[in-house]
Amino acid sequence: MKKSSMTYLEKLLNAPSPTGYEDGARNIWRAEMKSFADKVYGDTHGNSFAVLNEKGKRKVMLAGHIDEIGFQVQSICDGVIKFQPLGGFDTNIIPGRRVIIHTAKGDVPGVIGKKAIHLMSADERKKTTEFRDMWIDTGIYDEEELKKTVEIGDPITYGYTLEHLAHDVYVGRGVDDRIGAFIIGEVLRNLKGKNLGDLAVYAVATVQEEIGLRGAVTAAGSIKPEFGFAVDVCHCLMPGVGKDVVGDVTMGSGAVVTRGPNINPKLFDLVVKTAGKKNIAFQRDAACRGTGTDANAMQLSSGGVACQLISIPNRYMHTPVELFDMKDVESAIALMTETILAVDKKTSFVI
Ligand SMILES: [Zn+2]
């Protein structure tokens, strides 16, 4: 990864971007795309579009969702903040975390509080933690002062940032799926100045994926692409999680290329053929139904779109410590860049 791209990736991953409140990362993504794309624009939903060769008659859409799971302020009572989830959480890993409340007046730090183990009954200790058992403590215990500081609906993210662990492994918050928004932008950057012929390339940082693939629905509906790639994270092998659950996918062995009903078989063949020709490492994965990704929304839009899902293996999805391997990121960027360049006049995705 080039140093300048790494600096941008770090900024993008560290920006707050909870579902429905994606401004932080959106502004960074759009500014970066403006440095090389032919056109950058937004829509009423919050999606961001960066385009190359807009007059091309065949449209390809690259989707990476820019939203991350987060929380929002539900109410203020007893000097603490009650909060709601934006996206799917394992409530067992929420208590004890640092959070940041993003208010109109600036960031307010807090922690997620819960009754200490000493104060729990034997029954309470066996129970799964629920949202009603937790609150956010800011250290501001005067209710009037707290109400002046924080507003109902203010978005909240975990207070964690990107860190290098070892080798090519990084850990961060919101890797799902700002790494996808980053990757599609890098593909667009690679395609800049290349002969795209009749292809118009749309990179789209979609919003609200975490609550039902919502941004991809509106974005694909407005672009009406012929084919497209969705980039997201996927689960992989780890202790206690075997091949019967996640397939034969490991971190660091290359981007994951999915096959199944959500995927156009001709586009899949082109990706695999291109990987072979260009010597790009990748892994295969099977999905027997619509995937829980933007590829599903895209495939079902506008009379049908030929889709390929490309995934980055990820450990600890939907926690503040999501792990990924930079080798898989490089593989995904190369795979999509080369596949798009391999599309010619004879390429058809009609089955
Ligand atoms: Zn997710």
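Guide: Helices (H or I, at least four residues) and strands (E, at least two) are DSSP runs, numbered from the N terminus. This is a predicted model, where local features need pLDDT of at least 70 and side-chain atom pairs count only at pLDDT 80 or more, while totals for chains, interfaces and linings use all residues. Residues are numbered from 1 along each chain as its sequence is written.

Visitor: At roughly what angle do the axes of helix 1 and helix 5 cross?

Guide: Roughly 145°, with the axes of helix 1 (residues 3–14) and helix 5 (residues 175–191) coming within 10 Å. Axes are lines fitted to C-alpha atoms, for helices over the stretch in contact, and angles run from 0 to 180 degrees between N-to-C directions.

Visitor: Which residues of helix 1 and helix 5 meet?

Guide: On helix 1, look for Ser5, Leu9, Leu12 and Leu13; on helix 5, for Val175, Arg178, Phe182 and Glu186. Contact here puts C-beta atoms, placed from the backbone, within 7 Å. By class, this contact has five nonpolar, one polar and two charged residues (Ala, Val, Leu, Ile, Met, Phe, Trp, Tyr, Cys and Pro are nonpolar; Asp, Glu, Lys and Arg charged; the others, Gly among them, polar).

Visitor: And how do helix 8 and helix 10 cross?

Guide: Helix 8 (residues 265–278) and helix 10 (residues 326–342) have axes that come within 9 Å and cross at roughly 105°. That makes helix 8 roughly perpendicular to helix 10 (65 to 115 degrees; under 35 is roughly parallel, over 145 roughly antiparallel, the rest oblique).

Visitor: In what order do the three strands of the open sheet run?

Guide: The order is 10-11-17, with antiparallel pairing (strands pair if DSSP finds at least two bridges between them). Strand 10 (163–166) and strand 17 (322–325) are the edges, each pairing on one side only. Four bridges join strand 11 (residues 169–172) to strand 17, and Val169 stands opposite Asp325. Helix 10 packs on this sheet, touching strand 11 and strand 17, and its direction makes about 60° with that of strand 17.

Visitor: How far apart are the C-alpha centres of domain 1 and domain 2?

Guide: They lie 32 Å apart. Domain 1 covers 3–68 + 174–342 and domain 2 covers 70–158, with bounds from an automatic or database domain assignment. Where they touch, 11 residues of domain 1 contact 14 residues of domain 2.

Conventions. Contact = placed C-beta atoms within 7 Å.
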